[in-house]
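I opened the model today and kept notes as I went. The entries follow the order in which I looked things up.

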Amino acid sequence: MNAGLGAATARVPAKINLHLGVGPLREDGFHELSTLFCALSMYDDVTVRTADELSLTVRGESRRQVPTDASNLAARAVVELAARAGRDPHVAIAIDKHIPVAGGMAGGSADAAGALLAAARLWRLDLSRTELLEIAADLGSDVPFSLTGGAALGTGRGEKLLPVLHRGDFHWVIAVSGSGLSTPSVYRELDRLRDSRDGAEHSGDAGTRRPDELMVAIASGDVHAVAPLLHNDLQPAALSLQPLLRRTLRAGREAGALAGIVSGSGPTCAFLCATADAAVEVAAELSGSGVAKAVRTASGPVAGARLIPTDKNH
């Protein structure tokens, strides 16, 4: 945030999809979606500093899995913002990574949103929220939600957002897989399953129907009403590509979670718990079961990307 020191930092949350309905493949190569996003209290910090050239570094447990070249979505965000502002994208981007990589929790999209917000502050750009969201939508389907946070209904390819009323906190246990899944491969597997002879069994009936019942449950704050309504059309495809996820989902439910779901394209699994204390107990049980590389607790919905003081030691 400290513009006088030539740096700005944004903190951005992970997301899960409480509902993910996947429609048919569109002419542009994307699928039509109807999804209910929820931002969770797992964060990446993205710092942008004035520099002589564009560079990107990553700290954190999964840093080796994150590209540090121009293909990184955070770098692309800065390049796009600089082009719109008519300036060079000469900054050093530093990402403190805590959101699972290739885990279906929008970690790359979160970093792009953080880079947008931090670079706009660093360069003192007078951009409206609408302008930032337009840039975000061009970068990726989940980037706009990473900016807004909270709970929202996403349509189109997920970039068209409608805020959803929510009451209270929902408590989650996040089981991080030892390996990632690429989002395109999961969508391809879903299409394959739907095209196969028994595809009807996998396709689900959600499609692009609005999850109205779930939105009412979220607004009421009733965790027991929310639990049975969690739904993910991509889950069968993720389970097909990583069958061991079935064990993870079963272990979470046996540990006391109200419900479990593959998050987005996976392979991270999210378990909804009745209370914060119940989440701690489920996490402890899951940690000892050996079905996940890491287990964390989180709550949500939380706010989207926001500026924070920059760590001078970064």
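**Entry 1: N17.** I looked up N17 and got 4% relative accessibility, so N17 counts as buried (buried is under 20% relative accessible area, exposed over 50%, partly exposed in between, with a 1.4 Å probe and protein chains only). The model is a predicted one: local features need pLDDT of at least 70, side-chain atom pairs count only at pLDDT 80 or more, and totals for chains, interfaces and linings use all residues. Residues are numbered from 1 along each chain as its sequence is written, and side-chain values use heavy atoms, with hydrogens and water left out.

I placed N17 in strand 1 (residues 7–25); strands (E, at least two residues) and helices (H or I, at least four) are DSSP runs numbered from the N terminus. Its side chain makes a polar contact with the side chain of K15, at 2.4 Å. Such a contact is a pair of N or O atoms within 3.5 Å; within protein, one must be able to donate a hydrogen and the other to accept it, and residues adjacent in sequence count only if both atoms are side-chain atoms. Setting aside neighbours within four places in sequence, I found N17 in contact (heavy atoms within 4.5 Å) with T35, L36, F37, I261 and G264.

**Entry 2: F37.** I searched the whole structure for aromatic pairs and found one. The ring centres of F37 and F145 are 4.7 Å apart and the planes are at 15°, so the pair is stacked. For the rings of Phe, Tyr and Trp (its six-membered ring), a pair needs centres within 6.5 Å; planes under 30 degrees apart are stacked, over 60 edge-to-face, and the rest tilted. F37 is in strand 2 (residues 31–50) and F145 in helix 4 (residues 143–148), 108 residues apart. I noted both F37 and F145 as buried.

Entry 3: I traced an open sheet of four strands, in the order 9-10-7-11, with antiparallel pairing; strands pair if DSSP finds at least two bridges between them. Strand 9 (259–262) and strand 11 (294–300) each have a single partner strand, so one side of each is left without a neighbour in the sheet. Strand 7 (residues 170–176) and strand 10 (residues 269–273) are joined by five bridges. Within strand 10, F271 stands opposite V173.

**Entry 4: D212.** Is D212 buried or partly exposed? I read 40% relative accessibility, so D212 counts as partly exposed. D212 belongs to helix 7 (residues 212–220).
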